[in-house]
Amino acid sequence: MMEHRDPVCGMTVQEGSEVGTYGYKGEVYYFCSAPCIERFRAEPERFLSLHAAPEETARHTDRKATSQIKTVILPIEGMSCASCVTKIEKSLSGLEGVSSASVNFGTEKAVVRYDPGLLDMTDFKLAVASAGAYSVIEDQGNEGKEGEERLRAFRLLRTKFIFSLAVAAVTMLLGMKDMLPALRDIPSSYDRMIDFAMMVLTTPVLFWAGEQFFRGAYQEARHLSTNMDTLIALGTSVAYVYSAAVTLLPGHAAANVYFDTTAWIVALILLGRLLEAYSKGKTTDTIKSLMALRPQTARLVREGKEIEVGIGEVRINDVVRVKPGDRIPADGMIEDGASTIDESMLTGESIPVEKGSGSEVFAGTINSSGSFVFKATKVGSDTALSQIIRMVAEAQGSKAPVEKLADRVAGYFVPAVIAVALLTAALWYGFSPQHSVSLALTNLVSVLIIACPCALGLATPTAVMVGIGKGAQHGILIKGGESLEKAHGISTIVFDKTGTLTQGKPVVTDVIPSGIDSETLLAYAASVESLSEHPLAQAVVRYASRNNIATRRVEGFRSETGSGVRGTVEGRAVWVGRPSDETGSGLARDGKTVLAVKIGDVPSGIIGLQDVPKSDAHETVSALKERGMKVAMITGDNRYTASAIASLLGIDDFKAGVLPGDKADAIKRYQQAGGKTAMVGDGINDAPALMTADLGIAIGSGTDVAIEASDITIISGELTTVPRAMRLAGATMSTIRQNLFWAFFYNIIAIPIAAGALYPAFHILLNPVIAAFAMAFSSVTVVLNSLRLKKTKI
């Protein structure tokens with residue numbers, strides 16, 4: 001059976017099951033619903049322009065689902081309030097092959113996860129366009145193109161505001177002529193002419209400067225829907241049409257006109273949107289600063305010569321020269337030379353890192369001193385910097401669960417406001433003296449203009465954007481608003497021991513000689529251990545080297561599984577291994593591993609080793625406990641070792657002997673004990689536990705699997721960043737609550753005041769111009785409050 005695609009909504013339509021068809025330019029198009037047919041009849045070229053050719057209506061027949069899921073970020077223009085978010089999300093989510101779609105009003109972007117075998121960019125453009133007066137900015141993968149479009153729109157908005165402000169000022173002066181000495185002497189016979197002049201001045205303000213309001217309202221009306229543009233268009237047009245009627249029709253000379261009100265409403269709302277656009281741009285400063293880290297050129301070394309090329313020409317395995325002060329153009333491995341590199345843009349740590357041959361380097365980091373040559377291993381969008389930019393962009397476009405409440409409220413907000421405005425006008429006309437049309441009109445316009453779903457729509461996403469951006473600047477990668485919200489509610493935080501709380505490799509802690517000095521004991525032990533690959537052996541060798549104790553020649557080396565190693569050093573038999581008796585039992589009870597040393601078959605001493613805590617582990621545990629969190633530890637080590645580490649760090653609750661596959665079950669037991677639980681880990685075997693926990697935190701020095709399974713990644717690997725991430729989550733959620741309180745409080749208080757609730761007791765009526773001012777700055781207040789997060793110390 002032939003399949004077709006509805007050219008309006010993009011849905012697949014089986015031939016024979018369509019609601020209707022429509023012929024246009026020799027082609028027959030199939031539709032899934034009557035509204036789609038009507039939309040297509042009204043603007044066929046608009047919808048067909050989103051197709052490469054008419055025959056593409058049946059192209060879904062050649063598509064097949066895949067197991068692959070891709071993510072695309074779509075810059076969207078045309079959104080005016082939170083209700084737009086719901087419509088676009090619904091349209092995108094309705095496409096076959098979309099697993100999730102999240103639209104962020106703050107960033108004006110949609111993050112879509114989809115099956116590339118079923119969908120492409122044309123489908124997304126069509127779906128967005130069919131939701132209303134919205135469109136996807138072309139060349140969305142090109143940040144420069146997107147930035148140009150945003151800048152062009154901002155400049156046009158600024159021009160319209162300046163024009164509207166000038167006209168509003170002139171019409172206000174003309175409207176107040178009886179109060180101004182310079183205009184007071186103008187005869188009243190000129191009043192009608194002045195009204196006509198005000199109408200001529202206001203007309204371009206309303207229909208040029210305010211054109212986007214009417215365009216948006218019209219598109220929503222065509223889809224039997226409403227948004228913020230609907231309220232503004234209704235409010236301004238009612239005031240304008242009434243004033244124009246009074247001016248042009250005979251017999252209304254004594255009636256008031258509201259041309260100055262119309263001009264001021266448009267000017268103030270444009271000012272609000274101008275400030276909002278500027279402030280929202282500030283919330284994405286982190287992304288812009290990260291993008292600015294990308295160098296524009298690179299020095300390739302080819303056949304012994306250095307060639308400067310554009311960054312886009314660098315390929316994997318290219319050899320690149322980096323000089324002092326240069327930004328590194330790609331990820332790679334140093335082949336020759338040494339330097340110190342500022343990696344603060346990746347890790348948040350200001351201290352430069354020493355690098356030499358074999359060290360890994362990352363794109364965007366700064367070569368502080370020295371010159372070196374490296375081989376590129378990752379270029380372009382595959383570099384660590386590009387991945388971080390993508391992760392931050394996707395995270396900033398995500399939603400916190402609390403945001404969904406605001407979106408639902410916004411969906412019903414505009415129709416409710418229109419109903420309240422009409423009821424207000426009817427009551428004022430019915431109960432005011434002489435059935436005053438002027439009073440009814442004033443309060444109708446005030447209610448329509450003062451209502452602000454924008455503040456609701458911006459309350460959560462702007463705070464999330466700033467919070468995630470601030471985290472990225474401090475080496476904390478947060479996967480989205482949901483992760484922030486989950487982090488804020490954590491009561492128990494569980495750490496994996498090995499490699500997370502500890503260094504992940506044994507170090508020598510005790511050297512106890514018997515009958516010889518410590519230096520001799522270490523010299524003989526390290527000499528034999530230098531031929532072994534065992535981690536404990538390597539730890540002994542490292543310790544001897546750091547203490548400037550040289551190893552000696554070994555003959556007859558043997559490794560005996562389960563027993564130890566032996567060899568001959570300077571003619572004396574040396575054995576190093578686990579003691580078979582109670583030797584070193586005191587060290588063992590402290591959680592340390594004990595190696596016994598025999599020289600010439602005579603017990604000569606013991607060496608204690610331990611996987612010691614990281615230098616910042618105790619500080620991290622203390623900081624979390626100060627926040628009222630319960631700190632626990634799980635490990636596969638024995639109880640003695642676990643108890644020793646827990647005691648050193650001040651951890652009261654630990655579980656020892658936990659097998660890798662049982663870590664997730666251990667997390668479940670903590671969850672069942674009450675409260676939300678976070679897991680901090682770094683290894684592959686931590687991934688199931690990270691996913692099971694309410695919040696997974698991966699240490700960036702760990703494995704890719706652990707990082708993929710987590711909600712938050714600590715890039716620097718420093719444990720003290722964990723409590724900082726918790727503080728950031730708390731500060732962000734506090735800002736969100738403040739914003740939502742202000743947004744709801746503003747509308748709950750402002751709308752009744754605009755309707756005249758204060759008039760019976762105080763004889764106060766709200767001027768529509770004041771209503772426009774309040775509405776414009778309510779959303780700006782929310783954005784500015786979110787921007788305060790940038791200065792919060794974490």
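**Close-up 1. Lys160 and the ring of Trp208.** In this predicted model, Lys160 places its charged end over the ring of Trp208, 5.7 Å from the ring's centre. Trp208 itself is partly exposed, because its relative accessibility is 38%.

**Close-up 2. Phe163 meets Trp208.** Here's one of the aromatic pairs; the structure holds nine. The ring centres of Phe163 and Trp208 are 5.6 Å apart and the planes sit at 80°, so this pair counts as edge-to-face. Phe163 has 31% relative accessibility, so it counts as partly exposed.

Close-up 3. Another edge-to-face pair turns up here, with Phe207 and Tyr240 at 5.5 Å centre to centre and 85° between the planes. Again distant parts of the chain are linked: Phe207 lies in helix α7, Tyr240 lies in helix α9 (residues 228–248), and they are 33 residues apart. Phe207 is partly exposed at 45% relative accessibility, while Tyr240 is buried at 10%. Both belong to one aromatic cluster, along with Phe214 and Phe259.

**Close-up 4. Arg552 and the ring of Tyr524.** Here the charged end of Arg552 sits over the Tyr524 ring, 5.3 Å from its centre.

**Close-up 5. Residues 51–61 and the model's confidence.** Across the protein chain, pLDDT averages 82, and 86% of the residues score at least 70. Over residues 51–61, though, pLDDT is below 50, and the stretch has 26 contacts in the model beyond near neighbours in sequence.

Terms used: Residues are numbered from 1 along each chain as its sequence is written. This is a predicted model: local features need pLDDT of at least 70, side-chain atom pairs count only at pLDDT 80 or more; totals for chains, interfaces and linings use all residues. Side-chain values use heavy atoms; hydrogens and water are left out. pLDDT is the predictor's confidence in each residue, from 0 to 100. Contact means heavy atoms within 4.5 Å. Rings of Phe, Tyr and Trp (its six-membered ring) pair if their centres lie within 6.5 Å; planes under 30 degrees apart count as stacked, over 60 as edge-to-face and the rest as tilted. Buried means under 20% relative accessible area, exposed over 50%, partly exposed in between (1.4 Å probe, protein chains only). Helices (H or I, at least four residues) and strands (E, at least two) are DSSP runs, numbered from the N terminus. A charge sits over a ring if NZ of Lys or CZ of Arg is within 6 Å of the ring centre and within 35 degrees of the ring normal.
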